[in-house]
Amino acid sequence: MCVTCGCSSDENEVRFIKVDGTTVQHSHMHSKTYEHHEHSHSHESGHNHNHSHEHHHHDDDHQHSPHQFKEIDLERDILHKNDLLAERNKGYFDAKNIFAINLVSSPGSGKTSLLERTIADLKSEIAFNVIEGDQQTTNDADRIAALNVPVIQINTGKGCHLDSEMIAQAVKELSPKEGSLLMIENVGNLVCPSMFDLGENSRVVIISITEGEDKPIKYPDMFYSSQVCIINKIDLLPYLKFDIEKLKEYAKKVNPNLVFFEVSAYTGEGMEAWYTFLKKSLKS
């Protein structure tokens, strides 16, 4: 999808689908074509993205070709445009007193189940709006719509992450009320979404105990750029060899400021602490 993370460079259609009960409406369609190249990247802080590149040279003078400069400039341009629009999104959220959370994780961590349980338990107290990101289907958005909250499904096609432009368009459709909570469920991926600021107030990385303790050091950028880490599926601890303290130790090596919540979206254990965090975030 984009030059920065190396997704497909083919033309890609992104679909915005408004889900209202059993009704599915195609509200926006757009496509982007980006040039593909290989690159390496590093992050200096939070949502600020500073990228370094290695280019292999086969001539004695080590000269950059115009094509190489074009690739570097294109990547910088894409990230710059994304960050500018992310700032606009954040300004909108701040003006409307909307607290936006970017939920990120690998597939199967329980993001949607956690979101379902959170909405079911708190929707009488908090006004929710939801943006669901997946490559295909409206399965997750259908689950959220069943809870009678506004939801937009973004199908990214071959893309592996949401970006700030997608969020801006989805928010226009949702038109969230002042003082509401916007939950953005990103595409299941611990790599590419870490590079793209959406304008969120908080990035929450979810890891289940079925994934192993070393995920934070395998995918450090995501844990470094997040403010909260939810450890899900703790109801399975009696059946698995898993050390939560070792996971936290690895995560703190990457990001000493991470706030942890140990929960089971299935049984509800530990969810009250997560709910308290959400309520305090809305009031702040």
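Helices α2 and α8 are roughly perpendicular to each other, a label for angles of 65 to 115 degrees. In this predicted model, the axes of α2 (residues 111-122) and α8 come within 11 Å and cross at roughly 70°. Axes here are lines fitted to C-alpha atoms, for helices over the stretch in contact, with angles running from 0 to 180 degrees between N-to-C directions. Helices are DSSP runs of H or I, at least four residues, numbered from the N terminus.

From α2, the contact uses Leu 114, Arg 117, Thr 118, Asp 121 and Leu 122; from α8, Met 271, Trp 274, Tyr 275, Leu 278 and Lys 279. Contact means heavy atoms within 4.5 Å.

Next, the core. The largest nonpolar core has 33 residues, and Ile 101, Leu 181, Met 183, Ile 230 and Trp 274 have the most contacts inside it. Such a core is a set of buried Ala, Val, Leu, Ile, Met, Phe, Trp, Tyr and Cys residues joined through side-chain atoms within 4.5 Å. Helix α8 (residues 271-283) gives the most to this core, with 6 residues. Leaving out residues up to four places away in sequence, Ile 101 touches, among others, Leu 181, Met 183, Trp 274 and Leu 278.

Last, the cysteines. Cys 160 is buried, at 13% relative accessible area, and Cys 192 is buried at 7%; buried means under 20% (1.4 Å probe, protein chains only). The sulfur of Cys 192 is 3.1 Å from that of Cys 160, its closest cysteine sulfur, which is too far for a bond. A disulfide needs two cysteine sulfur atoms within 2.5 Å, and the count is 0.

On method: residues are numbered from 1 along each chain as its sequence is written, and side-chain values use heavy atoms, without hydrogens and water. Local features need pLDDT of at least 70 and side-chain atom pairs count only at pLDDT 80 or more, while totals for chains, interfaces and linings use all residues.

Terms used: Buried < 20%, exposed > 50% of the residue type's maximum accessible area, 1.4 Å probe, protein only. Helix = DSSP H or I, 4+ residues; strand = E, 2+ residues; numbered from the N terminus. Parallel < 35°, antiparallel > 145°, perpendicular 65-115°, else oblique.
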